[in-house]
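Welcome! Please take a moment to look over the structure below, and then we can walk through its side chains together.

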Amino acid sequence: MKLNDFSSGLNTRKDPMLLELNESLRYTNVDSDKGALTSIKDYTSLNQRIDRWFHKFKGSWYSSTINREYLEYRDLLYWTEKDNYPKKICNGIEKKVGIEAPTAALTLAAVTSADVDIHGTLQYTYTFYDSVLGVESAPAPLSAELAVIEGKRVDLSGFQTSGYCSVDKIRIYRLGADTTEFVLIDTIDNGTATYSDSIDPLDAPGNILDSYLNTPPLLGIRYLIEAYGILFAAYGDTLVYSSIGKPDYWPSSNSIPIAGKITGLYAISDGIIIFTLTRTYLLLGTSSADFALTPLSPEHGCLDHLSIAFVRNSLMWAAAQGLCLLISGSVVVASKDKLGLIKLSPVKAVSYDEQYMLVQTDGSVFIADFKTGSPVFKTLQYVKANVYNLGVFDNILYGSVDDQLVDLFTGELIELQYLSPRLTDGDATVTKMYNNIYVRAEGEFTFNVLIDGKQVLSNKLLGDKLYDITVPQELQRGSDIQFDIKGVGSIKEIEYKVVGRNNGR
């Protein structure tokens, strides 16, 4: 019997005696593309410290020790994280998304002033304004009304100062003086305490106040995504979303309740996928006028938003029963056929080179490789380091390994671990004699032989050559043989000779 194709990865669901020759019970740090049993390459340190939740944007690295979800939209970088306000990066400066409105109304006083032509019953409000990005807050509470006669100006006091670093201006709006709506009369610097209004209606800019719904996103929203020019996020068991084309404005009416706490969001061509721990929904429509929620799966949900990745034209994520795929509108457990029920502990998933790569809390990376069509399951596990997170930028796979930024699969070969099926040669009931084992190897390996599940031999393989391994005569008898291999390099082929029974036993 010969083993020279090791490319099908893990199969832990079936009995070890029923596996295909190219499947395995342990498949760690193996390059399945090679066909031969070959080590993967190590990472290369880039000599840069980085926190676990990292992202590269416009040539700069951003990172955090707090679980964070990043989104690039309209040439800005946004992120959400636990128990915090969503943030954005503008010209290298960190800003909150949206602007909180002033909470104090203005105080008015009529003061005699020559050549002033405003009169009537007046009322005022004001907003905070970011003149760089053109972002405006909702208005402050309205002032009390003030009856003003000709020859009087109005002194305004009680302006609050915005603590948002992005706010550099205050916009003042007036109702009355021949207007039936609040119109802009002036823009002043943030931090100004008082203002005197003597502006003739004809000299005012005249913009009508339209920022009533410009409320910022809620504290603690998570899982920021974008579709149709709208930003979506989760707030507990509620889907919330921004105004179209206005990522800083999140009206309170823009919300859809979901039956269960939201654990993940993803935008696909058909709509927005919404996950809870046990269910999956699809939000149809492109605006609040036609949004409609439809169930996709009443059984399978998502463990963590950051486990969602799009690989080879399909959406994949970590669920309670294993890895799920969205195929033609149906949710299937893609790992069940090979692995049965598995428990995953997701940190973050990425899609790279037609592979779904899931970082887990133990520092390992669980991989579903789709390059040959059906997924090949395998594990990456560094012996002396933990992978904290992964990210793909400019088609390069980066990692945070023990708080260092690294470039994966670019270093020297590392140790692989492999455990073959229990090989019966199609006759599990036949007692056989396993004597000579031939191994073509290149590298350094520990080569263990098991017969009937018990180790009978351990050999060291060193160099590039053909090995002839002989099992001790008294241990050769059994119904199956198995190979447990650890080492660095490549095993090209394993061949063993079998002497079958000739006595009817």
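## A first look at the side chains

D33, D353, D369, K371 and K378 are joined in a network of salt bridges, where a salt bridge means a side-chain nitrogen of Lys or Arg within 4 Å of a carboxyl oxygen of Asp or Glu. This is a predicted model, so local features need pLDDT of at least 70 and side-chain atom pairs count only at pLDDT 80 or more, while totals for chains, interfaces and linings use all residues. Residues are numbered from 1 along each chain as its sequence is written, and side-chain values use heavy atoms, with hydrogens and water left out.

**Salt bridges**

- The structure holds 23 salt bridges.
- One of them joins D484 to R26, with the closest N and O atoms 2.9 Å apart. D484 belongs to strand β42 (residues 481-499) and R26 to strand β2 (residues 26-28), so this pair ties together parts that are 458 residues apart in sequence. Strands here are DSSP runs (E, at least two residues), numbered from the N terminus.
- D484 is buried, at 16% relative accessible area, whereas R26 is partly exposed, at 25%. Buried means under 20% relative accessible area, exposed means over 50%, and partly exposed is in between (1.4 Å probe, protein chains only).
- R68 and E81 also meet through their side chains in a salt bridge, at 2.9 Å from N to O. R68 sits in strand β7 (residues 68-73) and E81 in strand β8 (residues 76-81), and the two are 13 residues apart. R68 is buried at 9% relative accessibility, and E81 is buried at 5%.
- E69 and R222 form a salt bridge too, at 2.4 Å from N to O. E69 is in strand β7 and R222 in strand β19 (residues 222-227), so the pair ties together parts 153 residues apart in sequence. E69 counts as buried at 2% relative accessibility, and R222 is buried at 15%.

**Aromatic rings**

- There are 20 aromatic pairs. Rings of Phe, Tyr and Trp (its six-membered ring) pair if their centres lie within 6.5 Å; planes under 30 degrees apart count as stacked, over 60 as edge-to-face and the rest as tilted.
- W61 and F393 make an edge-to-face pair, 5.6 Å centre to centre with 90° between the planes. W61 lies in strand β6 (residues 60-64) and F393 in strand β35 (residues 387-393), so the pair ties together parts that are 332 residues apart in sequence.
- W61 is partly exposed at 22% relative accessibility, while F393 is buried at 11%.
- Y266 and F310 are stacked, 6.5 Å centre to centre with 10° between the planes. This pair links strand β23 (residues 262-268), which holds Y266, with strand β27 (residues 309-311), which holds F310; the two residues are 44 apart.
- Y266 is partly exposed, at 24% relative accessible area, and F310 is partly exposed at 40%.
- F54, W61, F393 and Y398 form one aromatic cluster.

**Charges over rings**

- The charged end of R52 sits over the ring of Y388, 3.5 Å from its centre. Such a charge counts if NZ of Lys or CZ of Arg is within 6 Å of the ring centre and within 35 degrees of the ring normal.

**Nonpolar cores**

- The largest nonpolar core has 46 residues, and L323, Y356, I437, F447 and F483 touch the most other members. A nonpolar core is a set of buried Ala, Val, Leu, Ile, Met, Phe, Trp, Tyr and Cys residues joined through side-chain atoms within 4.5 Å.
- Strand β39 (residues 432-451) gives the most to this core, with eight residues.
- Beyond its neighbours within four places in sequence, F483 is in contact (heavy atoms within 4.5 Å) with residues including Y418, L423, I437, F447, V449, I494 and Y496.
- A second, separate core of 27 residues includes L122, F128, A140 and V167.

**Cysteines**

- How many disulfides are there? The count comes to zero, a disulfide being a pair of cysteine sulfur atoms within 2.5 Å.
- C165 has its closest cysteine sulfur in C90, at 9.4 Å, too far for a bond. C165 is exposed, at 57% relative accessible area.
- For C324, the closest cysteine sulfur is in C302, 8.7 Å away and too far for a bond. C324 is buried, with a relative accessible area of 0%.

How values were computed: Helix = DSSP H or I, 4+ residues; strand = E, 2+ residues; numbered from the N terminus.
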